[in-house]
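Welcome! Please take a look at the sequence and the 3D structure below, and then we will walk through a few of its features together.

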Amino acid sequence: MTSLRARLTVALLAVVGVALATLALALYVGVRDAAWQQHDAGLVARARGLSAIAENEDEGIEIVFPAVPGAFAEAWGPDGAVVARSPGLTGDLPKRTGTFDVTLPDGRGGRAYGLTFHPRDERDRPPVEVTLVLAEGTEDVAAAEATVRTRFLVLGGLALELVGAVTAWLLARGLAPLGALRRDLAVIDEGRLGTRLPVEGQPSELAGPVKTLNELLARLEAAFARERQFTADVSHELRTPLAGLRTLLEVSQKAPSPADHAQALAIVLQMCSLVENLLMLARVDAGQIEVTRAPVPL
């Protein structure tokens, strides 16, 4: 049988655990989104910085991508031909605009940003449209995300353990009156029905049940008192006819007479009537006989 303290502890831990998990999830999502937004903002700034170094020359679009470890860039002219690639880039990057996920040529997961722009032209020739895509690895963001997730899990577990310990201690203190009440009830038996449980100092949740228990003890005490009085009355009522019957039997042994026999029979009938009345009262108390109440003239 599970104790009340254990049930309350488990219920409170479940509520606190759900609240902590919800809060941790919200914070984790917020931190993760902020990290990705910061990464994407830096990616956009770097891509626009690369677009700023492009020039429209007589020989065509001139743009030189610096060698950046873990980053790849590619640019296409208005006719779709590649005009520049990062050193070490083999193959083509997806020709798209905006921010999107991509698999880098070296197999790593990455993030890319593409934009279209018009290279700088010092001779005021008709503008040409160039598409540039910059892709970078996301290992740093993924590592930071994993670190934050691990810290949230560890801190959440420690917080839950702390809440469990504090909850168990507080419940032990709060339920101490129940233990005291149990000890007071354990010493009450049929010989101590006059004992009353203390009401003063009890919590409001226990004051009502304690008063009800005291009323129950009072009713039990009265019932036992009535039972003892009933036993004494029955003994008194039976003692007189039994004594008379004994005397008649002793006399009839010496000089039997019909009158003695008749008197003995009357005593026996009186005792039988008394026993029948007692049995009827017992059946009424047991609920075996339906009691019909009606006014009678006294």
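This is a predicted model: local features need pLDDT of at least 70, side-chain atom pairs count only at pLDDT 80 or more; totals for chains, interfaces and linings use all residues.

Residues are numbered from 1 along each chain as its sequence is written, and side-chain values use heavy atoms, with hydrogens and water left out.

**The hairpin**

- Strand S5 covers residues 98-103 and strand S6 covers residues 109-117; the two run antiparallel and are joined by six bridges.
- Two strands pair if DSSP finds at least two bridges between them, while helices (H or I, at least four residues) and strands (E, at least two) are DSSP runs numbered from the N terminus.
- Five residues lie between S5 and S6 in this hairpin, and Gly-107 in the turn has a positive phi of about 95 degrees.

**Salt bridges**

- How many salt bridges are there? The count comes to nine, where a salt bridge is a side-chain nitrogen of Lys or Arg within 4 Å of a carboxyl oxygen of Asp or Glu.
- Asp-40 and Arg-111 form a salt bridge, with their closest N and O atoms 3.1 Å apart. This pair links distant parts of the chain, since Asp-40 is in helix H1 (residues 4-52) and Arg-111 is in strand S6, 71 residues apart.
- Arg-46 and Glu-136 meet through their side chains in a salt bridge of 2.7 Å, N to O. Arg-46 lies in helix H1 and Glu-136 in strand S7 (residues 130-137), so the pair ties together parts that are 90 residues apart in sequence.
- Arg-108 forms a salt bridge with Glu-139, and the closest N and O atoms are 2.3 Å apart. Here Glu-139 belongs to helix H2 (residues 139-174) and Arg-108 to the loop between S5 and S6, with 31 residues separating these distant parts of the chain.
- Salt bridges that share partners join Asp-40, Asp-101 and Arg-111 into one network.

**Buried or partly exposed?**

- Buried means under 20% relative accessible area, exposed over 50%, and partly exposed in between (1.4 Å probe, protein chains only).
- Asp-40 is buried at 14%, and Arg-111 is buried at 17%.
- Glu-139 is partly exposed at 36%, and Arg-108 is partly exposed at 24%.
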